[in-house]
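I opened a new structure today and kept notes as I went. The entries follow the order in which I looked things up.

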Amino acid sequence: MSIAPPPASRPPGSEDSRILEGGLPLRILHRPGPAILAARLAIPGGSGRDPAGARGAHQLLAGSMTRGCADLDAEALADCVEGAGAALRVEAHEDGLVLALKCAAADATTLVPLLLAMARRPRLEAEQVAIERQLNLQLLQRQKEDPFQLAHDQLRRLLYGDGPYGHDPLGIEAELAGLGPDDLHPLVDRLGDDGAVLVLCGDAPAALGEALERELTAAPWSTHSPVTRPFDGPPLGTGHLGQQVQDTEQVVLMLGAATVPLAHPDALALRLLQAHLGLGMSSRLFITMREERGLAYDVGVHLPAHAGGAPFVMHLSTSAERVAEATTCLLDEWQRLLEESLDEGSRLLALAKFQGQDAMGRQTCSQIAERLALVLSQGLPADHVRRVLERAPGLGAEDLRAAARRWLASPSLSLVGPAPALEQAHQAWQNHDLSRRSGRVPDPSR
């Protein structure tokens with residue numbers, strides 16, 4: 001199978017698509033420029049599908065995939081990739097596994113099929129899995145010293161409990177410590193059951209298609225294009241306030257709510273609110289909390305592109321002495337989203353930031369492949385981003401407020417810091433209207 005026409009006849013910026021043997025969709029974006037190729041193999045599942053009692057299994061599998069596949073042991077695989085000056089990584093996130101490669105076009109027919117081999121034929125040698133497991137355990141240990149990570153993990157538990165998004169992809173230390181190859185082989189067998197997609201961006205050699213088909217002949221893979229996951233609303237959380245004592249000079253606050261998937265119509269409105277609140281030095285939170293009042297060392301808004309109910313999170317770190325004021329101010333800003341519409345200048349600035357962020361996120365082959373793989377792995381059409389950009393100017397301030405009222409009405413607060421400061425923040429929370437809102441079940445139809 002020829003993957004693309006010869007370079008001389010290939011229009012710059014053209015796209016191509018195939019269905020490989022067994023049902024794996026292949027999408028190629030031909031990008032003029034240096035003779036390089038970025039590849040992404042995206043497989044839905046990820047840490048959100050970690051088995052009960054085995055949280056961290058998919059991230060352990062991801063790391064172990066780079067430690068040998070098919071006929072190549074760990075050393076031989078490393079020599080093959082690094083000897084060609086290529087970059088390879090495999091990681092699990094909440095919604096899937098991503099196998100990422102960037103290489104010279106001349107090496108693509110050798111290296112890109114390795115992504116399929118790692119997914120279908122990882123060696124999972126006990127010694128190599130043990131090394132990877134120990135590295136992940138060390139990372140979890142280091143995270144215990146990071147107040148930001150502690151606050152984030154605590155907020156996960158408040159919003160999602162034991163649900164798919166309730167733990168870090170690295171897992172839970174006590175469960176990860178007992179995992180070995182026997183726990184990973186069943187995960188490999190299920191990879192692709194929910195679909196998979198291979199995206200290439202750059203200079204794809206014509207012979208690459210045959211190389212991919214040869215690998216699929218050696219290790220047949222029955223899969224299909226991913227489909228959009230049903231969304232029945234955000235999960236019921238476990239609480240609205242979490243506190244963890246850490247003897248530091250500062251307090252980390254995270255205020256968040258579980259919202260909607262990337263595919264949901266309201267996802268765009270929430271992203272515009274994210275741009276308004278937390279994108280750049282002209283953002284609402286930066287100006288209000290840092291520039292005008294000096295309450296925050298750092299401040300921002302987090303909204304990942306999940307296939308399920310993604311968390312919308314305002315976060316800041318502040319001094320222990322001013323924690324009560326900072327807590328009240330953060331709660332006020334959240335409540336403002338629910339009660340006040342943006343003025344036209346703020347709406348247009350948020351729109352410009354959103355559009356600019358999109359443009360900055362598709363400058364390289366790797367960025368383009370990453371974004372398209374994300375969209376396709378969630379069952380969305382390849383032109384999803386274009387459609388969203390076309391819709392964005394038509395959303396008015398009242399549309400944004402309505403989306404906020406649907407999904408942000410009942411937030412949870414996560415606090416990490418010294419005990420006296422936590423007590424002050426707790427009191428500020430109890431005295432605020434938002435704490436009385438929390439506990440009510442939001443009405444998505446409102």
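**Entry 1: the whole chain.** What share of the 446 residues in the protein chain is buried? I found 55% of them buried. I note here that the model is predicted. I then looked up the secondary structure, which comes to 17 helices and 13 strands. The radius of gyration is 23 Å, close to the 22 Å that the globule rule gives for 446 residues, so the chain is as compact as a globular protein of that length. Along its principal axes, the C-alpha trace spans about 65 × 50 × 35 Å. I also checked the contacts with a separation of 6 or more, and 80% of them join residues 24 or more positions apart.

**Entry 2: the six-stranded sheet.** I traced an open sheet of six strands in the order β1-β2-β8-β3-β7-β6, with mixed pairing. Its edges are β1 (15-19) and β6 (87-93); each has a single partner strand, so one side of each is left without a neighbour in the sheet. Neighbouring strands here are turned by 15° against each other on average, direction ignored.

I looked at one pair inside this sheet. Strand β3 (residues 36-44) and strand β8 (residues 197-202) run antiparallel, joined by six bridges. R40 stands opposite V199 in β8.

Next I asked which helices lie across these strands. Helix α1 (residues 57-65) lies across β6 and β7 (96-104), and runs at about 170° to β6. Helix α13 (residues 365-377) lies across β2 (25-30), β3, β6, β7 and β8. Its direction is at about 155° to β8.

**Entry 3: the five-stranded sheet.** I found another open sheet, with five strands in the order β9-β13-β10-β12-β11 and mixed pairing. Here β9 and β11 (298-302) stand at the edges, each with a single partner strand, so one side of each has no neighbour in the sheet.

V301 has M314 in β12 as its bridge partner. Helix α10 (residues 284-292) packs on the sheet and touches β11 and β12. The direction of α10 makes about 155° with that of β11.

**Entry 4: strand β13.** How many of the six residues of β13 (residues 412-417) are buried? I counted six of six. In a regular strand the side chains alternate between the two faces of the sheet. In β13, S412, S414 and V416 point one way, while L413, L415 and G417 point the other way. All of these are buried.

I then checked the two partners. Strand β9 (residues 241-245) runs parallel to β13, with five bridges between them. Q243 has L415 as its bridge partner in β13. Strand β10 (residues 250-258) pairs with β13 in the antiparallel sense, also over five bridges. There, V252 is bridged to V416.

**Entry 5: a helix pair.** Two packed helices are described by the angle between their axes and the distance between the axes. I looked up both for helix α9 (residues 267-278) and helix α15 (residues 397-407): the axes come within 9 Å and cross at roughly 100°. The two helices are therefore roughly perpendicular to each other. What meets what? A269, L270, L272 and L273 in α9 meet D399, L400, A403 and A404 in α15. The residues of this contact divide into seven nonpolar, no polar and one charged.

How values were computed. Residues numbered from 1 in each chain as written. Predicted model: local features only at pLDDT ≥ 70, side-chain atom pairs only at ≥ 80, totals over all residues. Heavy atoms only, no water. Axes fitted to C-alpha atoms, helices over the stretch in contact; angles between N-to-C directions. Helix = DSSP H or I, 4+ residues; strand = E, 2+ residues; numbered from the N terminus. Parallel < 35°, antiparallel > 145°, perpendicular 65-115°, else oblique. Contact = heavy atoms within 4.5 Å. Nonpolar A, V, L, I, M, F, W, Y, C, P; charged D, E, K, R; others polar. Pairing = 2+ DSSP bridges. Rg over C-alpha atoms; globule rule 2.2 N^0.38 Å. Buried < 20%, exposed > 50% of the residue type's maximum accessible area, 1.4 Å probe, protein only.
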